[in-house]
Each structure stands twice: as structure tokens, then as C-alpha cells.
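This briefing summarises the overall form of a protein chain and then turns to selected residues. Please consult the sequence and coordinates alongside the text.

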Amino acid sequence: REFSAFGFVINYAKGKSEIIIHWKGPKAAVCKLEFFADGGDKICFTDSKGRAKYIVVTDRYQHVGSIYVLGGSLMPEIISRTSSMRGSFLEIRRKVLRNSNISPKEKLVIIQIYLISKGFFQAGTWRKLRVQEARKIHCSLMNVYRAVLKLDGPYGKGVTDTEVISRLETLAPLTLVVWL
């Protein structure tokens, strides 16, 4: 009834509408053990028409490309996003970055349009990043930046991230993600 009051219809199919329970309080661990021992991973109930329904309890939920995990870590989401970018990057590298007729500045614009906008869609909703999460984003984007300047092989050794950013006249990776 609560959801239907807002025009929301719950999809009870597996992997659609799911619940993540945050167990709190002095007996949280005991309650959690009892819950999963008694009901498995589902909450069962009857709807307004008397039909049996259930909704799955999970510790990881994916919706519109975003991953939410119990505990709030963004690392699974960041790994998923950077992996997705890496797959697209290989195609762009072959068709765009190896083309000597396209300037580094134009290559960077293509990277920003196709990779970064795709890879960090909804990043503005993220909470403040932890150090390891920020490092993963920084390193992933710096690898792309280095490829734009053809510094991704043995040629790039000794060239700092600051120098790469300066040569491309762009923003640092984390600043760019925040601005998207």
C-alpha cells in the first residue's frame, strides 16, 4: 500500500525489487542469524488479494547500472564502471588513439565524451570517496590519458601524472569526475 500510494508497482521477479537490511542494535547479529535460518533470503507475505508474495533480501543490489552493497563501499561500483570503460577504451584505442590525423586534444574530447560520461554516469550521487576508491578512479583515467599521449608503454616511464595532465591541458581525473 505504501508504494502504490506513490504510483510505484513492485516487481517481485528475482533481481528486480529487493531489500537490503541494515541490522543495528545490541542483538542485531542474533536477529540476523535467526532471520536467515527461519526464512532463507526472502520475506514472505500475502498481498491485498490474498496471494502469496515474497521479496528477496540481499546484500548487493544493482539498479540502472549502479551497484549498492551492504556496508556502503563504492569499490564494487567503481570496479564495474572502470571495467566497462576499459572494454570501450580498447575499441577507441584501435580506431581513434592510433590515428595520427587526430590531435591529442581531439582524442581527449572523444575520450571524455564516450568513456568518462559512460563510466561515471551518476557519480554525482556518490558519497565522499575513500582513499582506495579515489586511487582506483585516478589510476584508471591516468592510464587512458597516457594512451592519448602514447605514454602507456615503455615510453612513458618517468613521466609523472602531473606532467601528463599538464601536457593534455585537462583537469585531474578526480576533479573531472566531480564536475561530470
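**Structural briefing**

Of the 180 residues in the protein chain, 29% are buried. The model is a predicted one, and every value below is computed from it. The points that follow are grouped by topic.

**Fold and secondary structure**

- The protein chain contains six helices and five strands.
- In sequence order, these elements follow the pattern β-α-β-β-β-β-α-α-α-α-α.
- Among contacts in the protein chain with a separation of 6 or more, 54% join residues 24 or more positions apart.

**Dimensions**

- The radius of gyration of the protein chain is 22 Å, whereas a compact globule of 180 residues would have a value near 16 Å.
- Along the principal axes, the C-alpha atoms of the protein chain fill a box of roughly 70 × 35 × 25 Å.

- Ile43 belongs to strand 2, which spans residues 42-46.
- Ile43 has a relative accessibility of 30% and therefore counts as partly exposed, because that class lies between the buried limit of under 20% and the exposed limit of over 50%.
- Leaving aside residues up to four places away in sequence, Ile43 touches Ile19, Ile21, Phe35, Lys53, Tyr54, Ile55 and Val57.
- Ser83 is 40 residues from Ile43 in sequence, and the C-alpha atoms of Ile43 and Ser83 are 34 Å apart in space.

**Cysteines**

- A search of the whole structure for disulfides finds zero.
- Cys31 is in no disulfide, and the nearest cysteine sulfur, belonging to Cys44, is 18 Å away; a disulfide would require the two sulfur atoms to be within 2.5 Å.
- Cys31 counts as partly exposed because its relative accessibility is 38%.
- Cys139 likewise counts as partly exposed, with a relative accessibility of 41%.

Methods. Residues are numbered from 1 along each chain as its sequence is written. This is a predicted model: local features need pLDDT of at least 70, side-chain atom pairs count only at pLDDT 80 or more; totals for chains, interfaces and linings use all residues. Side-chain values use heavy atoms; hydrogens and water are left out. Helices (H or I, at least four residues) and strands (E, at least two) are DSSP runs, numbered from the N terminus. Buried means under 20% relative accessible area, exposed over 50%, partly exposed in between (1.4 Å probe, protein chains only). Contact means heavy atoms within 4.5 Å. The radius of gyration is taken over C-alpha atoms; the globule rule is 2.2 Å times the number of residues to the power 0.38.
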